Protein chains: 2
Amino acid sequence: MGRWAPGGRGRLEVAALELYATRGYEQTTVADIAERAGLTERTYFRHFADKREVLFSGSPRLQQLVVDAVLAQPVPTPPLDAVVAGLDAAAEVFDGQRDWSVRRSAVIGANPVLAEREQQKLATLAGALATALEERGVVAAGARLAADLGVVVFATGFARWVGDGEDRPLAVVQREVLAELRAVAAG
Amino acid sequence: MGRWAPGGRGRLEVAALELYATRGYEQTTVADIAERAGLTERTYFRHFADKREVLFSGSPRLQQLVVDAVLAQPVPTPPLDAVVAGLDAAAEVFDGQRDWSVRRSAVIGANPVLAEREQQKLATLAGALATALEERGVVAAGARLAADLGVVVFATGFARWVGDGEDRPLAVVQREVLAELRAVAAG
């Protein structure tokens, strides 16, 4: 997920992505990132727990945005539709930082340890979505499945949206994926 | 996924799971595992790349089993049905090592670094399933979605199957999940 913060935190994020993209993730140290951002290593670790987290800084806020939007859906909305409506809320944020998202995806795709962290963030998002649906009265099993399908829609839509030649808003791509997912599920 | 090998490799797997379950994953060293199995650390690293892999030894063979079964489905089988038929083939193996699977799941669920590796193995399985479907003539986008939904069926079914009081075969539980997933997708 994306980046949010201005100031020192934002400078560290920009510096990290540039170094990971040009020099490589393994070849970059936290000291390199801090130096490029004009900050100290100590400041880095005040903001981020490790070398990976700098690319996942926006995850909690984006997750909260999605969850809030799910909870705000009219009660009779079917679970998967509520989830995708929640994802639409995050999509607008991503549309505003498209170049960043494209470069970030390339870096993550090239580094298994970053991809592993991304998978973990998606699993956390699925858990939060399932909890939100349960708060709306969806039974646990159905909530979990709708959450997992929602994450498939998000991950698939996002991967297409950062692809070459794609210039539609993320929400439009996600809706396209949702329609395809429904067709595949129906067989 | 499960374990397969007899002999030294199998002894290391049994020793690792017992130590991870009783002493804890973080508190166990490779030397501890080797000692309990009556082998050397060097032998451990001939079989497994790191401290986590010992619990994921069966993954490649199980994945191949699933992929082969997918490729063996009659051509007109819809993609998601072909994938779940493939998962049925692996289900029989798991049914034969239920106690092991239950204990292994508990250990993985209690340790984020193991859960992260499990997510990675599932992502690898999804990639292999998508490739298999493309070999069957399914277009890439649909193949990827059917593969991802298949992995949701597997992961969800497996989590239920290792649950308290569940004694049905894994394939039966997977089919139950597939039916629920279809209902959730349809809205």
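Which residue of chain A meets the side chain of B:Arg52 in a salt bridge? In this predicted model, the partner is A:Glu116, with an N to O distance of 3.7 Å; a salt bridge is taken as a side-chain nitrogen of Lys or Arg within 4 Å of a carboxyl oxygen of Asp or Glu. Residues are numbered from 1 along each chain as its sequence is written, and chains are lettered from A in the order in which they are written. Local features need pLDDT of at least 70 and side-chain atom pairs count only at pLDDT 80 or more, whereas totals for chains, interfaces and linings use all residues; side-chain values use heavy atoms, with hydrogens and water left out.

The interface between the two chains brings 25 residues of chain A into contact with 24 residues of chain B, contact meaning heavy atoms within 4.5 Å. About 2,000 Å² is buried between chain A and chain B, 68% of it on carbon and sulfur atoms; this buried area is the accessible area (1.4 Å probe) that two parts lose on being put together, summed over both. On the side of chain A, the most area is lost to chain B by A:Glu116, A:Leu145 and A:Val184, which together account for 32% of what that side buries. Between chain A and chain B, 2 salt bridges are counted. The interface also has 2 residue pairs in polar contact, both at pLDDT 80 or more. A polar contact is a pair of N or O atoms within 3.5 Å; within protein, one must be able to donate a hydrogen and the other to accept it, and residues adjacent in sequence count only if both atoms are side-chain atoms. At least two residues of the chain A side that touches chain B come from each of H7, helix H8 (140–161) and helix H9 (170–186) of chain A. H8(A) gives the most to this side, with 9 residues. Helices here are DSSP runs (H or I, at least four residues), numbered from the N terminus.

The two partners of the bridge described at the outset have the following surroundings. A:Glu116 lies in helix H7 of chain A and is buried, with a relative accessible area of 8%. Buried denotes under 20% relative accessible area, exposed over 50%, and partly exposed in between (1.4 Å probe, protein chains only). Apart from neighbours within four places in sequence, A:Glu116 is in contact with A:Arg52, B:Arg52, B:Glu116, B:Arg117 and B:Gln120. B:Arg52 is located in the loop between helix H3 (41–47) and helix H4 (59–71) of chain B, and its relative accessibility of 13% classes B:Arg52 as buried. The side chain of B:Arg52 also reaches the backbone oxygen of B:Val113 at 2.5 Å. B:Asp50 occupies the loop between H3 and H4 of chain B and counts as partly exposed at 23% relative accessibility. The side chain of B:Asp50 reaches the backbone nitrogen of B:Arg52 at 2.9 Å. Residues up to four places away in sequence aside, B:Asp50 touches B:Tyr44, B:Phe45 and B:Arg117.

Over all chains, the structure holds 28 salt bridges. One of them joins B:Asp88 and B:Arg175, whose closest N and O atoms are 2.5 Å apart. This pair links distant parts of the chain, with B:Asp88 in helix H5 (residues 79–95) and B:Arg175 in helix H9 (residues 170–186) of chain B, 87 residues apart. B:Asp88 is buried at a relative accessible area of 18%, while B:Arg175 is partly exposed at 35%. A further salt bridge connects the side chains of B:Arg144 and B:Asp148 (3.1 Å, N to O). Both residues lie in helix H8 (residues 140–161) of chain B, 4 residues apart, about one turn of the helix. In chain A, a network of salt bridges links A:Arg160, A:Glu166, A:Arg168, A:Glu176 and A:Glu180.

Helix H4 of chain A (residues 59–71) comprises 13 residues and reaches 18 Å from its first C-alpha to its last, close to the 18 Å expected at 1.5 Å a residue; the expected span is 1.5 Å times one less than the number of residues. The buried residues of H4(A) are A:Ser59, A:Leu62, A:Gln63, A:Val66, A:Val67, A:Ala69 and A:Val70. Seen down the axis of H4(A), these buried residues fall within an arc of 160°, so they line one face of the helix; the arc is that of the directions from the helix axis to the C-beta atoms. Their cover includes helix H5 (79–95) and helix H7 (112–135) of chain A. The exposed residues A:Pro60 and A:Arg61 are carried on the face of H4(A) turned away from its buried side.
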